[in-house]
Amino acid sequence: MLQRTKPHPAQQLSLGRRLLRDRVLLLFALPGTALILAFHYLPLLGNVIAFKDYQPFLGIGGSDWSGWDNFAVIFNGDPAFLQALKNTLILTGLQAILVFPAPILLALLLNSLFSERIKRIVQSILYLPHFMSWVIVVALFQQMLGGSGLLNNYLRAHDLATLDIIGNSELFRVLVTSQVIWKDTGWATILFLAALSQIDSQLYEAASVDGASRMRQVWHVTMPGLRGIIILLFILKLGDSLTVGFEQIILQQQAVGRDVSEVLDTYVYNNGVLGGAWGVAAAVGLVKGLVGVVLVLAANKVAHIFGEQGVYSR
Amino acid sequence: MTRRIVQGVPVPSWPMRAFKGVVLLVFCAVVILPFVGVISTSVAPNKQINESGGLVLLPDSVNFAAYKSLFAGGVVTRALFVSIFVTVIGTLLSLTVSCLLAYALSRPGFSAGRPILLIVLFSMLFSPGIIPMYLVVKGAGLLDSLWALIVPTMVSAFNVIVLRAFFSNLPGEITESARIDGAGELKTFGYIVLPLSKAVLSVIGLFYAVSYWNAFFGALLYLNDSKLWPLQLVLRTYVINDTQLGSADLGTELLPPQASIQMAILVISIVPILLVYPFLQRHFAKGVLTGAVKG
């Protein structure tokens, strides 16, 4: 930001005059602001259909109010809804345990490399999958691990038992989790590597003078340096904890069936857009969104209690 | 035992270095092998594909029959044109609208700057939900139109923040002197700010282009008419769901094996990303970090 030496005379003008003066800038900002309002804030109002018996041909205004009826599937514990909730939570748990720490470990490994050149080559390779769409990632996994994929061709050629990983409902969760790791672990190291480069190298020297081994240095110098960013990312992740890859899962749902693969987002899509139960789907989507917001606020509060900065300061 | 010391840091023992090397090699192989397999299979001779039972890692010889049949004017050719149209038009519109907004937000003393900035920032914290989003797109009359792939995702708040950070960091004296020489906002923006921002414009442009090229969710949700399908939906239908592509779909009589056709479709959707990747890669880390810090 520019630092002004004395108060600008314009700041004493009335609001109307200031807006008139800024009319060109307002015009500049108009299209972008309008688009964000229309496609981020207007849909929030659309959530009103969670409280309506929505009929597409009557429109939002014409449909009757139905009170909390649409929320019955949630509060009465409809089995299909509970299954979707359970699948979502299991996938979230797997991601918290397996996906979240992966980039931290990888960043530590990359950071410990001596050769800048090797480090850069490895980074270029590992960042690449992030730029591929989920359709491409799922297709690549099919080609590698499917019935006629590379793995099974190899097993067949060596007279070993084949292993169909794609379309196997027991392995679905592992498959989905490993796809997330494959796609985004490399990319996620960027933030951790940046945090690592901020750590004062004198701390390491001091620690090694005090006789700390490499492992102890990682524990007492590196990890505290990463703590802020780890907590920040974990809180943000919590807000998304009921969101587990809509695109990724809808693409593979046909192969394994809904029992293991239905998550809250696919439940909303299948019942609302495809099944026509608009109100119910909107109610589930609304509760899901609210839970996400509450989790972020709560986690941030906890972070403050422990003296961390969190996503925003108090 | 004494360790070799380089720049004040002891060099790790050789087993440790070997271990790291192996781990990184495995990581890289796991990322690269699928791409190699897919590209090889798309150009491998039929006989080799049949013998291997599917994917080929090293083709005996190279033939482009699969690509010829895909470009013969059928489903895939059309989808390719749709994807190119959406990517080019979408990126141009996104860049224009985002730059205008970011420039306005970067001007010190812009009276509406603060509230608009808050609107932009706050929109990053939540996503609107599938059903209400569908209703808004439907209400705007965009269903079954290619604009449904462009308009709802035209402005990314994140990209606006990165652009704004860049514009704000340009030396204020330059815009100030343009002002004294009598340039209005439009002239300052067009003749002074934009030419100084080529690097950030190309990076943000590429970010937008990649997301338009990869867009699948919007197409799945908003397009029923298969004539409007972009490449990603064709990929889902003919590769992931394994629907057979017949000669009617391809517009050619000669049919190469399905495996090589499928892999060629996959390659067509990957190659544009691979082409811009070296350029993206050079700049994105900086772009992402600016956004993270200033946001």
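Let's start with B:Leu57, which counts as partly exposed because its relative accessibility is 34%. In this predicted model, B:Leu57 sits in the loop that runs between α2 (46–52) and α3 (65–70) of chain B.

Now look at where the two chains meet. Here 78 residues of chain A are in contact with 87 residues of chain B. The size of an interface is often given as the accessible area lost when the parts come together. Between chain A and chain B, the buried area is about 7,600 Å², and carbon and sulfur atoms give 79% of it. On the chain A side, A:Phe28, A:Phe39 and A:Phe131 lose the most area to chain B, and together they account for 10% of what that side buries. As for salt bridges across this interface, the count is zero.

What does the record say about chain A? An unreviewed UniProt entry marks residues 24–42, 89–113, 125–145 and 277–299 of chain A as "transmembrane region". Take residues 89–113 of chain A: the span is 88% helix and 0% strand, with its end C-alpha atoms 37 Å apart. Residues 277–299 of chain A are 96% helix and 0% strand, and here the end C-alpha atoms lie 33 Å apart. UniProt, again in an unreviewed entry, also gives "domain: ABC transmembrane type-1" for residues 85–299 of chain A. That stretch is 78% helix and 0% strand, and its end C-alpha atoms are 21 Å apart.

Back to the salt bridges: over all chains there are six. One of them joins the side chains of A:Lys119 and A:Glu116, at 3.9 Å from N to O. Both residues belong to helix α7 (residues 116–127) of chain A, three residues apart, or about one turn of the helix. A:Lys119 counts as buried, because its relative accessibility is 15%.

Chain B has a salt bridge between B:Glu185 and B:Arg107, 3.4 Å from N to O. This pair links distant parts of the chain, 78 residues apart: B:Glu185 is in helix α10 (residues 185–196) of chain B, while B:Arg107 is in the loop between α4 (75–106) and α5 (113–123). Both of them are buried. B:Glu185 also forms a salt bridge with B:Arg179, with the closest N and O atoms 3.3 Å apart. B:Arg179, at 36% relative accessibility, counts as partly exposed. So B:Arg107, B:Arg179 and B:Glu185 are linked in a network of salt bridges.

How values were computed: Residues numbered from 1 in each chain as written. Chains lettered and ligands numbered in written order. Predicted model: local features only at pLDDT ≥ 70, side-chain atom pairs only at ≥ 80, totals over all residues. Heavy atoms only, no water. Helix = DSSP H or I, 4+ residues; strand = E, 2+ residues; numbered from the N terminus. Buried < 20%, exposed > 50% of the residue type's maximum accessible area, 1.4 Å probe, protein only. UniProt positions renumbered as here; feature names shortened; annotations may be inferred. Contact = heavy atoms within 4.5 Å. Buried area = accessible area lost by both parts, 1.4 Å probe. Salt bridge = Lys/Arg side-chain N within 4 Å of Asp/Glu carboxyl O.
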